[in-house]
Amino acid sequence: MKASAAVLRSDKALMMFPLLSGLCCLLVAASFIIPIAIAAAGMEHVSRDKLPLGWYVATFAFYLVQYFVIIFFNTALAGAALQRLRGEETSLAAGFAIAKSRVGAIFGYALIAATVGLFLRALQERLGFVGRIVAGLLGLAWTVATFLVVPVLASEEIGPMEAVKRSVELLKRTWGENLIGNAGIGVVFGLLSFVLIVVMGALVVGALTTESLPLIVAAIAVAVVSLIVLALVQASLQGIYSAALYQYAEEGKVGGGFDQALLEQAFRTKS
């Protein structure tokens, strides 16, 4: 995480990719909320196992657009991070240029991811508690298998199915230690988010006791901005980390201050 943070400090513009991704995702969600809410209101007495085809079509369309936006910006982030790790000059424009050049493969992978997402959603709705467990396990397996798809898309000119196969191939070189760093980042930021929520909650409560509207608004604004910044830093670090793992798995070396010995230990073949 320290090595990823060092890369981020050297190029803070990398945080713009998850920021723009989040804004675009909000726009996409807003464009689907009204029609889906209207449709849901007309299906109050429809059981989950008898949902009409149109419901699944709308859900699939939402998944497809949302996944495309997320994968596009993540590919731009991974491409820019790989350039930085290799000691090359990079920029927002360079990252977006990489993503634009892979837009066909990105759309194809978004189509695959949306199909998987819709399947897992249907499984949850039709099988209840058991479906949630099975969907959770299948979702975890899918996440692991596709862990390096984004940096693969950013670095290699291959199709979406080939990118998934390539990700699996790279992950087969280890028993999974390369996932620990990413999970560790999630745990660290989960704890930081919890602490921040507690502190900001206390700040807002304190502002409410003063009954001062400007102070209350300021406290809420500080809390929201703090959580957004924390989320942006986490997304950026995870993108940098996945790019570093891909570079090491593919090239046997990595820049940006990552410890070569630790990576060699993580990728050492188990007998």
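The model is predicted. The protein has 10 helices and 0 strands. Buried residues make up 41% of its 271 residues.

**Overall layout**

- Along the sequence, the pattern reads α-α-α-α-α-α-α-α-α-α.
- Consider the contacts in the protein with a separation of 6 or more: 72% of them come from residues 24 or more positions apart.
- The protein exposes about 14500 Å². Carbon and sulfur atoms supply 71% of that area.

**Helix α4: one buried face**

- Helix α4 covers residues 92–101.
- Gly 95, Phe 96, Ile 98 and Ala 99 are buried in this helix. Viewed down the axis of α4, the buried residues fall within an arc of 155°, so they line one face of the helix.
- The helical repeat gives the background: an α-helix has 3.6 residues a turn, so residues three or four places apart point the same way.
- Ala 93 and Lys 100 are exposed, on the other side of α4.

**Packing of α5 with α7**

- Helix α5 spans residues 103–145, and helix α7 spans residues 160–171.
- The two pack at an angle of about 65°, and their axes are 7 Å apart. Angles of 65 to 115 degrees count as roughly perpendicular, and α5 and α7 are therefore roughly perpendicular to each other.
- From α5, the contact uses Ala 105, Gly 108, Tyr 109, Ile 112, Val 144 and Ala 145.
- From α7, the contact uses Pro 160, Met 161, Val 164, Ser 167, Val 168 and Leu 171.
- By class, the contact of α5 with α7 has 10 nonpolar residues, 2 polar and no charged ones.

**Packing of α1 with α9**

- Helix α1 covers residues 2–10, and helix α9 covers residues 213–251.
- The angle between α1 and α9 is about 110°, with the axes 9 Å apart. These helices are therefore roughly perpendicular to each other.
- Ser 4, Ala 5, Val 7 and Leu 8 of α1 meet Val 233, Ser 236, Leu 237, Ile 240 and Tyr 241 of α9.
- The contact of α1 with α9 divides into 7 nonpolar residues, 2 polar and no charged.

- Ser 21 belongs to helix α2, residues 16–41. Its relative accessibility is 7%, so Ser 21 counts as buried; the cut-off for buried is under 20%.
- Ala 110 lies in helix α5. At 0% relative accessibility, Ala 110 counts as buried.
- Ala 110 touches Leu 64, Tyr 67, Phe 68 and Ile 71, again not counting residues up to four places away in sequence.
- Ala 110 and Tyr 63 are 47 residues apart in sequence. Their C-alpha atoms are 8.3 Å apart in space.

**Two residues of α9**

- Gly 239 sits in helix α9. Gly 239 is buried, with a relative accessible area of 12%.
- Gly 239 and Leu 77 are 162 residues apart along the chain, and 6.5 Å separates their C-alpha atoms.
- Ile 228 is also found in helix α9. Is Ile 228 buried or partly exposed? Ile 228 is partly exposed, with a relative accessible area of 43%.
- Ile 228 and Gly 22 are 206 residues apart along the chain. Their C-alpha atoms are separated by 9.8 Å.

- Lys 172 is in the loop between α7 and α8, the latter being residues 177–210.
- Lys 172 is exposed, with a relative accessible area of 67%. Exposed means over 50%.
- Lys 172 and Ala 145 are 27 residues apart in sequence and 9.4 Å apart in space, C-alpha to C-alpha. Ala 145 is one of the α5 residues in the contact with α7.

Note on methods
Residues are numbered from 1 along each chain as its sequence is written. This is a predicted model: local features need pLDDT of at least 70, side-chain atom pairs count only at pLDDT 80 or more; totals for chains, interfaces and linings use all residues. Side-chain values use heavy atoms; hydrogens and water are left out. Buried means under 20% relative accessible area, exposed over 50%, partly exposed in between (1.4 Å probe, protein chains only). Helices (H or I, at least four residues) and strands (E, at least two) are DSSP runs, numbered from the N terminus. The arc is that of the directions from the helix axis to the C-beta atoms. Contact means heavy atoms within 4.5 Å. Accessible areas come from the Shrake-Rupley method with a 1.4 Å probe; for residues, only the protein chains shown count as cover. Axes are lines fitted to C-alpha atoms, for helices over the stretch in contact, and angles run from 0 to 180 degrees between N-to-C directions. Angles under 35 degrees count as roughly parallel, over 145 as roughly antiparallel, 65 to 115 as roughly perpendicular and the rest as oblique. Ala, Val, Leu, Ile, Met, Phe, Trp, Tyr, Cys and Pro count as nonpolar, Asp, Glu, Lys and Arg as charged, and the others, Gly among them, as polar.
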